[in-house]
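This report looks at how parts of a protein assembly sit together. Please keep the sequence and the structure in view while reading.

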Amino acid sequence: MDLSYGPEYETFREEVRDFIAVNRHLAPKNAGRAARPSNEGVAWQKLLIEHGYTARTIPREYGGFGAEPDILKSRIIAEEFARAGVPGGLANQGISMLVPTLLELGTEEQKRRWIEPTLAGDVVWCQGYSEPGSGSDLASLKTSARVEGGDFVVNGQKIWTSTAKEADMIFCLVRTEGDAAKHQGISYLIFPMTTPGIEVRPLRTMTGHAEFNETFFTDVRVPVDQIVGQRGQGWFVANATLGHERGMLGDPDALENRLLALIELMKVEQVGGARVIDLPALRDRLVALQAEVAAMKYNGMRILSNQIKGEPGGMAKLIVKLQACELAHQISALAIDALGELGILYNGSAHERANGSWQWNYMFQLGLIIGGGTAQIQKNIISERGLNMPREPRLDLPKGPSAQGGQ
Amino acid sequence: MDLSYGPEYETFREEVRDFIAVNRHLAPKNAGRAARPSNEGVAWQKLLIEHGYTARTIPREYGGFGAEPDILKSRIIAEEFARAGVPGGLANQGISMLVPTLLELGTEEQKRRWIEPTLAGDVVWCQGYSEPGSGSDLASLKTSARVEGGDFVVNGQKIWTSTAKEADMIFCLVRTEGDAAKHQGISYLIFPMTTPGIEVRPLRTMTGHAEFNETFFTDVRVPVDQIVGQRGQGWFVANATLGHERGMLGDPDALENRLLALIELMKVEQVGGARVIDLPALRDRLVALQAEVAAMKYNGMRILSNQIKGEPGGMAKLIVKLQACELAHQISALAIDALGELGILYNGSAHERANGSWQWNYMFQLGLIIGGGTAQIQKNIISERGLNMPREPRLDLPKGPSAQGGQ
Amino acid sequence: MDFGLSQEQQMLAESVTRLLRELSPLDHVRQVAEAGSAVSAQSQAALAELGLPGLVVPEAHGGLGMGLLDATVVATALGEAVAPVPFAARNVMAPLALIAAGSEAQQAQWLPRIAAGEVRFGVGVNEQVSRRDGSGVRCTGGALTGTALFVLDCEEADHFMIADEAGRLHIVSAQADGLELIALKTIDATRSVGELRLASTPAEALADDGGAAARRLIAAGRILLAADSLGAADAMIAQAVAYAGQREQFGRVIGSFQAVKHMCAEMAAKNEPCRSLVWYAAHAFDAVPAEAELVACHAKSHTGEVGRFVARTATEVHGGMGFTDLLGLHYWFKRIGFDRQVLGGPETVREEAAILQGWTARGV
Amino acid sequence: MDFGLSQEQQMLAESVTRLLRELSPLDHVRQVAEAGSAVSAQSQAALAELGLPGLVVPEAHGGLGMGLLDATVVATALGEAVAPVPFAARNVMAPLALIAAGSEAQQAQWLPRIAAGEVRFGVGVNEQVSRRDGSGVRCTGGALTGTALFVLDCEEADHFMIADEAGRLHIVSAQADGLELIALKTIDATRSVGELRLASTPAEALADDGGAAARRLIAAGRILLAADSLGAADAMIAQAVAYAGQREQFGRVIGSFQAVKHMCAEMAAKNEPCRSLVWYAAHAFDAVPAEAELVACHAKSHTGEVGRFVARTATEVHGGMGFTDLLGLHYWFKRIGFDRQVLGGPETVREEAAILQGWTARGV
């Protein structure tokens with residue numbers, strides 16, 4: 001057990017700190033989670049790429065920094081930007097999912113055309129995977145693309161297209177071979193959101209906000225070369241990026257920050273003249289969550305350490321999504337209880353705390369428990385991949401050769 | 001809502017009380033849960049039958065009291081004997097399971113021969129249903145009985161035969177038609193435990209005690225007329241009595257008594273000079289359990305009331321076993337936590353409380369959660385029978401016509 | 001001996017349910033909510049025809065003379081329909097306050113008008129449970145000063161029943177001097193709560209209030225919130241089962257997957273005993289006063305916990321659709337959230353239950 | 001940067017595991033237990049060959065000079081094998097007490113003999129966590145009087161390390177005047193605990209004990225119990241998965257039923273992060289003293305809760321067989337029960353964690 005990063009890395013940390021100190025005035029204000037970066041945001045992103053503080057391992061010829069992968073340096077960068085409260089590199093689905101996919105399976109032309117502007121924040125993407133009828137069973141998707149005069153003609157509907165309104169482009173799974181087995185008939189297309197026949201409607205969730213969209217396609221024509229990988233191979237193309245998405249959820253730092261905010265809340269809030277943290281039953285729940293957050297934090301350090309050593313994440317990694325989403329939800333639940341009747345205030349009410357964000361989080365985190373693989377799917381994955389338990393006998397025969405995803 | 005029993009019943013209650021007051025000196029001391037009643041116990045049982053305080057609705061010609069069914073009177077009898085701390089009628093598997101089966105499906109001769117001595121406590125029975133290889137999937141039982149010279153010849157093994165050591169007789173499910181579908185090849189036999197070829201071995205459980213036995217059959221010869229119902233119909237014969245067994249578990253009075261004992265424990269036990277009930281986190285758990293026990297108590301009153309009206313028990317009844325067993329287990333768990341390190345003392349240790357019964361209960365109740373239909377089976381039943389959800393697609397085809405029990 | 005609802009009570013529940021099914025389907029609930037109101041005029045008017053404003057008002061004062069168990073049955077039906085209708089405070093707690101602590105003259109003055117729907121009360125007793133953000137109301141010389149938070153059923157209220165810091169109840173007109181009402185917005189768009197600021201506001205104290213009436217009012221409110229949560233949970237379970245029965249994934253309806261079945265079974269198994277608990281709590285309120293406050297605590301805290309579990313689990317069974325606004329499932333989710341937090345969350349109420357049993361002293 | 005075990009630590013764990021797999025299969029554990037002992041002579045002797053008695057004794061005193069993380073790795077392996085071998089108190093807590101608070105002379109006197117296995121300690125610090133049944137030890141004039149409950153690893157102990165009511169540590173010989181040891185019987189037959197009655201019993205105080213050593217000892221004990229529980233839970237999960245993979249019901253192995261799979265997944269998902277938590281707690285004990293006590297509390301309380309869940313769930317997966325004595329699964333169930341309750345159950349330890357963070361004052 002050696003939790004120091006060693007002198008080489010401490011030097012690197014100093015460099016990052018110096019960079020931040022010198023350049024933080026250039027960082028965009030209120031970057032928040034806007035889907036499309038401001039001009040300042042794009043300039044900042046380019047500066048970060050130039051110094052290797054984002055897009056670090058992506059080859060220079062595609063607009064990255066071209067460094068060798070070094071997980072610890074990536075971690076140090078993330079730590080230092082977070083500590084300084086300065087926005088780090090852009091994190092959107094184009095960068096986290098499309099770029100790795102193109103790097104692995106795109107043509108040389110696709111890489112040259114799309115990666116650099118995507119990294120730079122000039123081109124924003126949205127993801128077209130899920131459909132209303134295909135949730136956990138993603139491969140049952142029905143959006144179709146027939147070939148007609150050198151184009152795919154796309155018809156159907158996608159859901160959960162979070163940045164569809166701001167996006168320039170979409171990467172999208174469509175069924176091109178209607179008669180093939182479920183996992184064999186899918187292709188991975190990329191096309192502009194300005195293509196005629198696309199309609200985006202905001203999708204309101206239980207939070208009362210429209211964090212997502214539905215996207216409708218009516219005879220949307222996509223030239224046949226705007227495909228990544230082979231026809232009918234889209235399922236396998238997409239799976240490379242699904243892995244990247246799973247990795248994004250369940251950040252232990254985020255959990256720790258939520259917990260610290262909860263502790264602060266319970267110290268500050270008063271009921272009947274006493275601090276909420278002085279109510280023993282609530283305090284007991286707080287400490288129990290604190291222990292669990294600590295466990296997930298060290299579990300995250302273990303995963304990081306395994307990555308550095310090139311070892312598989314194993315069970316420690318498989319359980320992250322299930323446990324971290326649940327824990328985040330429990331933290332919000334306790335915050336609501338700590339606030340008592342004030343815990344249900346929302347929508348800018350008088351006496352509301354933290355802009356109603358505890359309630360927003362409580363509901364949105366339930367969405368995260370459901371989304372990206374419901375808790376049930378996660379348990380299937382843990383039992384099948386982590387514990388080598390048998391698969392559920394499947395009824396949707398004939399079986400595809402590599403039916404990913406479980407129920 | 002009318003929780004009074006009305007004047008007729010209050011008169012009846014007085015009669016019961018008077019009986020108890022006059023006769024309690026005749027009640028057996030330390031009746032406990034001995035499988036075979038003492039001579040005093042048998043005499044007491046006969047006195048109770050004579051007055052209609054047990055075997056109340058069983059016809060007189062078979063040794064019962066011959067009253068019309070009256071659930072409220074039965075309830076009053078149970079209440080008054082419990083309140084007086086005087087043992088009520090015998091409750092064993094012969095009385096609760098075999099007698100109702102014979103009444104429904106036995107021949108006239110079987111009824112005349114077996115019911116009266118069983119009720120009186122002169123004949124003690126054990127149950128031979130479960131086998132090591134057939135737990136939840138009871139119908140997969142393998143103990144076989146081939147016909148040879150006017151006898152069934154029984155070979156195989158039963159488990160969980162709780163009173164096998166004390167029993168005179170066994171009622172037993174065996175496979176008589178090896179080539180029939182799973183539920184179709186079973187017969188229900190009754191035979192003496194003194195029949196040559198029967199061996200009973202005590203079965204020790206996790207509690208350290210042998211509350212059950214395993215019973216082995218080697219060429220045990222049973223005359224072919226010692227069958228209840230038809231050959232191959234044993235599964236359906238047994239199901240009548242399985243219903244009776246399910247009714248026995250999850251008595252809300254028992255839950256309430258356990259809770260009262262826990263409250264007393266927490267008031268009496270001290271740690272660091274404070275009463276355990278003054279530790280707020282444990283007290284909070286106590287009150288939560290108290291609310292749940294109250295809910296189960298009123299749920300029980302609702303079931304009773306439905307029975308009186310001849311209405312089906314519905315969801316209120318279907319959930320009793322799952323919830324009551326879990327709740328009993330949680331009560332024991334809190335008692336152990338209330339005792340802290342003393343909570344693990346056992347086997348007559350110094351400083352042990354209540355003869356280690358909290359630990360014994362904690363473990364035994366886990367056995368009850370598992371036995372008589374595991375929690376998983378209970379959830380199947382609730383979802384299928386209570387909520388009309390679809391059955392799990394079955395793989396053990398060909399299907400029997402009436403595959404009871406679910407997974 | 002009959003533990004359960006009388007035929008009249010069952011008919012009352014069915015009347016309310018049928019009426020709301022007709023007048024207040026989800027689309028209507030949405031419409032009302034999106035217009036920023038927690039009161040459906042049409043539902044309220046129709047329910048008034050059934051006599052809800054006078055449900056617990058004695059017949060001598062023009063009401064139906066029913067008990068809390070009857071009111072509980074109505075509350076469950078309202079919760080099941082997520083009905084935007086003021087009920088618990090306006091139609092039950094306010095008249096109960098007058099019955100418990102009003103003089104004969106006060107009862108004669110107010111109860112008939114309540115029963116006729118001529119006066120509409122909001123009720124502010126929250127400070128007896130939880131004082132936050134400096135809330136609290138003092139009574140000096142017949143006038144009230146201070147802040148009452150979470151005044152229930154405040155929309156369209158023309159009068160308020162307010163507890164002062166000693167727990168004594170007072171009637172205040174919405175038109176009185178020095179009174180300011182600020183609407184509070186909660187997750188639940190179907191109920192209205194407000195903050196009442198009082199500055200030497202003239203008030204009429206209930207004449208026979210020895211201080212116990214507020215506790216009794218809170219017990220009634222808790223039972224009604226528990227009943228509401230029970231009904232909302234019933235509806236969520238029914239919707240989850242129905243959805244699981246038609247949604248297909250992997251070539252089967254999801255309701256045939258054991259994991260989904262078990263989620264539904266767990267919801268039903270936890271929720272069903274709550275029905276008996278709520279009924280008994282209401283019965284105790286009506287007929288076994290010595291038990292009433294404690295059982296009210298049990299009903300409130302236990303339905304609070306079970307409600308949270310059901311709200312979350314039923315949403316999970318619906319998958320992504322449950323998370324969207326499309327099916328409107330969240331109306332029930334939020335109604336249950338309201339029921340859990342108002343008049344004391346589970347921990348608060350359990351501590352009160354411990355105090356009532358002498359297991360601990362009041363205060364932390 | 002390397003969060004995890006060193007190669008040496010992995011080898012140590014493997015050595016212990018291999019040795020116990022050979023010398024202490026379940027049949028042997030049973031045999032020892034049924035003979036009424038919590039010490040397997042053959043396992044203890046073989047583990048002594050690996051150097052366990054001197055594991056944390058500095059090399060200068062004839063030990064291996066290892067840290068608590070090394071000991072933790074051993075504890076996990078012992079828990080996994082439900083090994084009837086005194087370890088936590090005898091081989092770790094006792095020498096740590098001397099290292100923390102013994103004078104140089106005391107260290108020179110005792111540590112080499114501990115490392116050589118010539119003296120065998122039991123440790124009694126329970127009264128610093130929980131005083132029950134009048135327990136507590138006073139020190140007057142170099143002699144101890146009173147009762148220490150739950151003295152750990154007391155079987156075959158020839159000396160005891162006992163905390164007095166001020167938290168100061170003392171060495172007492174098992175042969176000393178006025179000392180009486182009464183064995184306590186717990187559910188867990190693989191560990192020995194006792195009640196020590198002392199009546200003006202001569203004792204040797206640790207010379208440099210400012211009172212902090214007992215707290216440190218308790219932290220170490222908690223981490224080791226957490227590690228033991230982790231290992232026992234690992235073993236129960238593995239057994240449940242293996243059993244579910246071969247037991248057939250309804251024509252399929254039960255491990256293909258979603259309900260069973262999800263039970264196993266939940267066990268693994270809860271248990272796996274405990275591993276990192278326990279490791280970090282031990283690391284903090286060795287290297288980050290400011291965090292050590294708090295993380296020890298977290299490790300103890302969290303593994304206590306997770307352990308109870310795993311013990312119960314793994315038993316359920318085994319169905320009736322899990323409830324019998326036949327498979328011996330209950331040895332792990334009870335070992336986990338011991339680990340949970342000793343040196344503070346979850347609620348007690350969480351309250352201590354709150355006190356350590358200044359969130360509340362000591363005492364109820």
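Is C:F323 buried or exposed? The model is a predicted one, and in it C:F323 has a relative accessible area of 4%, which is under the limit of 20% used for the word buried, so C:F323 counts as buried. This residue belongs to helix α10 of chain C, which covers residues 319-323. When neighbours within four places in sequence are left aside, C:F323 is in contact with A:W160, A:T205, A:M206, A:T207, A:F212, A:M363, A:F364 and A:G367 of chain A, and also with C:T315 of chain C. Another phenylalanine, C:F3, is 320 residues away from C:F323 in sequence, and the C-alpha atoms of the two lie 38 Å apart in space.

**Two annotated spans**

The UniProt record, in an unreviewed entry, places a feature called "domain: Acyl-CoA oxidase/dehydrogenase middle" on chain A, and it lists "domain: Acyl-CoA dehydrogenase/oxidase N-terminal", also from an unreviewed entry, on chain C. The table sets out the computed values for the two spans.

| Span | Distance between end C-alpha atoms | Helix | Strand |
|---|---|---|---|
| Residues 126-220 of chain A | 16 Å | 0% helix | 48% strand |
| Residues 6-118 of chain C | 30 Å | 65% helix | 0% strand |

**The interface of chain D and chain B**

The size of an interface is often given as the accessible area lost when the parts come together. Between chain D and chain B the buried area is about 4,600 Å², and carbon and sulfur atoms give 60% of this area. Three residues, D:R132, D:F250 and D:F323, supply 20% of the area that chain D buries against chain B, which is more than any other three residues supply. In terms of contacts, 46 residues of chain D touch 65 residues of chain B.

The number of residue pairs in polar contact across the interface is 27. Several elements of chain D each supply at least two residues to the side that touches chain B, among them α2 (26-34), β3 (143-152), α8 (258-287) and α11 (330-341). Of the elements of chain D, α11(D) gives the most to this side, with seven residues. Sorted by class, the side of chain D that touches chain B holds 16 nonpolar, 13 polar and 17 charged residues.

Note on methods: Residues numbered from 1 in each chain as written. Chains lettered and ligands numbered in written order. Predicted model: local features only at pLDDT ≥ 70, side-chain atom pairs only at ≥ 80, totals over all residues. Heavy atoms only, no water. UniProt positions renumbered as here; feature names shortened; annotations may be inferred. Helix = DSSP H or I, 4+ residues; strand = E, 2+ residues; numbered from the N terminus. Contact = heavy atoms within 4.5 Å. Buried area = accessible area lost by both parts, 1.4 Å probe. Polar contact = N/O pair within 3.5 Å; in protein donor to acceptor, adjacent residues only side chain to side chain. Nonpolar A, V, L, I, M, F, W, Y, C, P; charged D, E, K, R; others polar. Buried < 20%, exposed > 50% of the residue type's maximum accessible area, 1.4 Å probe, protein only.
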